[in-house]
Amino acid sequence: MPRCRLEVYKKAFIPDTVGKWNSLSLEIRITSIAIKKKQIKISPSSPPANNSYGQPYLNIIHTKLRHSCIFNNDLYRKIIIASPNCICGHLEDACHFFFVCKSYSLLSMKLFFSMNCFSLMI
Ligand SMILES: [Zn+2]
């Protein structure tokens, strides 16, 4: 039993728990530890298959798009960069990047062509 000068401190969590633990018989304490060790040795289950589907780099980009943290306007709102503008001078958000900006039109066309092929596969 830990030494406790005050009755209030004696009823606090740690002194009270230690006192109760020490009052158990040695057989019960050893059994309890063995049960705890068994519980700790349980290996974690493998993650769901959809958590590792596809290429990691593309999954990162997809997650950044979903959480609005890839375009200049998103980064500007989070006070990460100084300007929300695109290299063409307009506000850079998802709509501007994919549908308006002439600087990224070639990339957008490639993306839409690949999506069209993808929609035919569905
Ligand atoms: Zn632009």
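**Close-up views of a predicted helical model**

The mean pLDDT of the protein is 83, and 88% of its residues reach 70 or more; the model shown in every view is predicted.

**View 1. Seven helices and zero strands make up the secondary structure of the protein.** Read from the N terminus on, the elements follow one another as α-α-α-α-α-α-α.

**View 2. Helices α3 and α5 mark the two ends of the confidence range in the protein.** Confidence is lowest in helix α3, which spans residues 26-40 and has a mean of 72, whereas it is highest in helix α5, which covers residues 72-77 and reaches 94. Where pLDDT is low, the predicted coordinates should not be read in detail.

**View 3. Proline 84 is placed in the loop between α5 and α6 (94-100).** This residue counts as partly exposed because it has 16 C-beta neighbours inside 10 Å, a number that falls between the limit of 12 or fewer for an exposed residue and that of 20 or more for a buried one.

**View 4. Proline 84 and asparagine 72 have C-alpha atoms separated by 4.8 Å.** These two residues are 12 residues apart along the chain. When the neighbours within four places in sequence are left aside, proline 84 is in contact with Asn72, Asn73 and Tyr76, and also with Leu91 and Glu92.

Definitions and conventions: Residues are numbered from 1 along each chain as its sequence is written. This is a predicted model: local features need pLDDT of at least 70, side-chain atom pairs count only at pLDDT 80 or more; totals for chains, interfaces and linings use all residues. pLDDT is the predictor's confidence in each residue, from 0 to 100. Helices (H or I, at least four residues) and strands (E, at least two) are DSSP runs, numbered from the N terminus. Two residues are in contact if their C-beta atoms, placed from the backbone, lie within 7 Å.
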